[in-house]
Amino acid sequence: MSDASPVLATDARRVAVMTVLTVLAGAVDAVSFLTMGKVFCALATGNVLFLSFGLAGEGDVPVARPATAIGAFMAGAAVAGVVLTRLAERGRPWFPVGLVCEAVLLVCAGALALARHGTGAVPAQDDRGVVALVAPAMGVRASTALRVHVPGMPTLLSQTAIAELINDVLRRPRAALRGLTAKQRLARTRWSATVGGIFSGGVLGTLLLVPLGTGRALLVIAAAVLLLAVAGMAGPPREREPVPDSP
C-alpha cells in the first residue's frame, strides 16, 4: 500500500481530529482536578482509585465526588452508546451528534460553574453538581471515540499508548520514521499524539483557569468541541474495523 493511499489519508485526518479531542480531554481533567475537589472527569481510572481510597478510609479522600464522577461517566457512556448505535444503524451522522451532546453538557457545566462561582479562578472545592455534568460529557466522548475506532487513540487516557510506543521502539530501535512503512509511521504518530495530547491538554487547561476560571474554561473547551462537530472534520460515515498497527 502506497503512502498516497486514500485510506491512509483518511486515517491521517482522523488522527488529527482525535488528537484535538485528546488535548481537550486533558484540559477537562486539568479543570476538574484543580477546581472541582480533586476529581477526574475524563480519567475514570483515577476516580476508581479515589473511590477505593475513600471506601478504605485512607488519604482523606471523600467517597461522594469519585462516586458521582464514575456514575455520571457510566450514564453518559451508556446513553451515548445506545443513541449512536441507533443513528449508525439508520445511516445517520452519529459522530457530530456525539460531539454536540458532549459540548452541550460542557456548556451546562460551564454555566453552572459561572452561576455558583463567578468568573474568577476558583480554588478546589466539592462541586458535585458541575462534576455531574462534566463526567457524563466525557462518558459520551468515550462511546463516540470507541465507535470511531482509531487504534491507540481513545482520547481519554495515555497508558496503553505509552506502552505501545515503547514496545514498538524496542522492536525497531534503529528505525526512524523514514525507515518505517506508512502504517508503522501512522501507528507511532497515533501513540505519540495520544501521549502528547493528554500532556498538552493538561497544560492548556491549567493555563485557561488563571484568566478565565472554571466556568469560562469549560465554555471554551465546549466551543472547541462544537467547532469540530460543525466542521465535520472527521465524521466517519460508519464504524471501521480496527487495523493492525504494523504489518
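Helices here are DSSP runs of at least four residues, numbered from the N terminus. That numbering places His 149 in the loop between helix 5 and helix 6 (159–171). The model is a predicted one.

Start with confidence. The chain averages a pLDDT of 82, and 83% of the residues score at least 70. Over residues 1–9 the pLDDT falls below 50, and this stretch has 10 contacts in the model beyond near neighbours in sequence. Residues 233–247 also have a pLDDT below 50, with 35 contacts of that kind. Where pLDDT is low, the predicted coordinates should not be read in detail.

Now turn to the core. The largest nonpolar core has 51 residues. Leu 21, Met 36, Leu 106, Val 134, Met 138 and Leu 218 have the most contacts inside it. Helix 1, helix 3 (64–89), helix 4 (94–117), helix 5 (128–148) and helix 7 each give two or more residues to this core. Helix 7 gives the most, with 12 residues.

Helix 7 deserves a look along its length. It covers residues 182–231. A straight helix of 50 residues would span 74 Å, yet the end C-alpha atoms of helix 7 span only 27 Å. Where does helix 7 bend? The bend is at Gly 213, and it is about 115°.

Side chains of opposite charge can pair when their charged atoms come close. The structure holds 1 salt bridge. In it, the side chains of Glu 102 and Arg 141 meet at 2.8 Å, N to O. Glu 102 is in helix 4 and Arg 141 is in helix 5, so the pair, 39 residues apart, links distant parts of the chain. Both residues are buried.

Arg 141 also leads back to helix 1. Leaving aside neighbours within four places in sequence, Leu 21 is in contact with Arg 141, as well as Phe 95, Leu 99, Thr 155 and Leu 228. Thr 22 is found in helix 1 (residues 6–35). Is Thr 22 buried or exposed? Its relative accessibility is 0%, so it counts as buried. With the close neighbours in sequence again left aside, Thr 22 is in contact with Arg 141, Met 153, Thr 155, Thr 194, Gly 197 and Ile 198.

Thr 155 brings us to the loop between helix 5 and helix 6. Phi of Thr 155 is near 75°, a positive value in a residue other than glycine. His 149, in that loop, has a phi near 65°, a positive value in a residue other than glycine. Thr 155 has a relative accessible area of 0%, so it is buried. His 149 has a relative accessible area of 34%, so it is partly exposed.

Notes. Residues are numbered from 1 along each chain as its sequence is written. This is a predicted model: local features need pLDDT of at least 70, side-chain atom pairs count only at pLDDT 80 or more; totals for chains, interfaces and linings use all residues. Side-chain values use heavy atoms; hydrogens and water are left out. Buried means under 20% relative accessible area, exposed over 50%, partly exposed in between (1.4 Å probe, protein chains only). Contact means heavy atoms within 4.5 Å. pLDDT is the predictor's confidence in each residue, from 0 to 100. The expected span of a helix is 1.5 Å times one less than its number of residues. The bend at a residue is the angle between axes fitted to the seven residues ending there and the seven starting there. A nonpolar core is a set of buried Ala, Val, Leu, Ile, Met, Phe, Trp, Tyr and Cys residues joined through side-chain atoms within 4.5 Å. A salt bridge is a side-chain nitrogen of Lys or Arg within 4 Å of a carboxyl oxygen of Asp or Glu.
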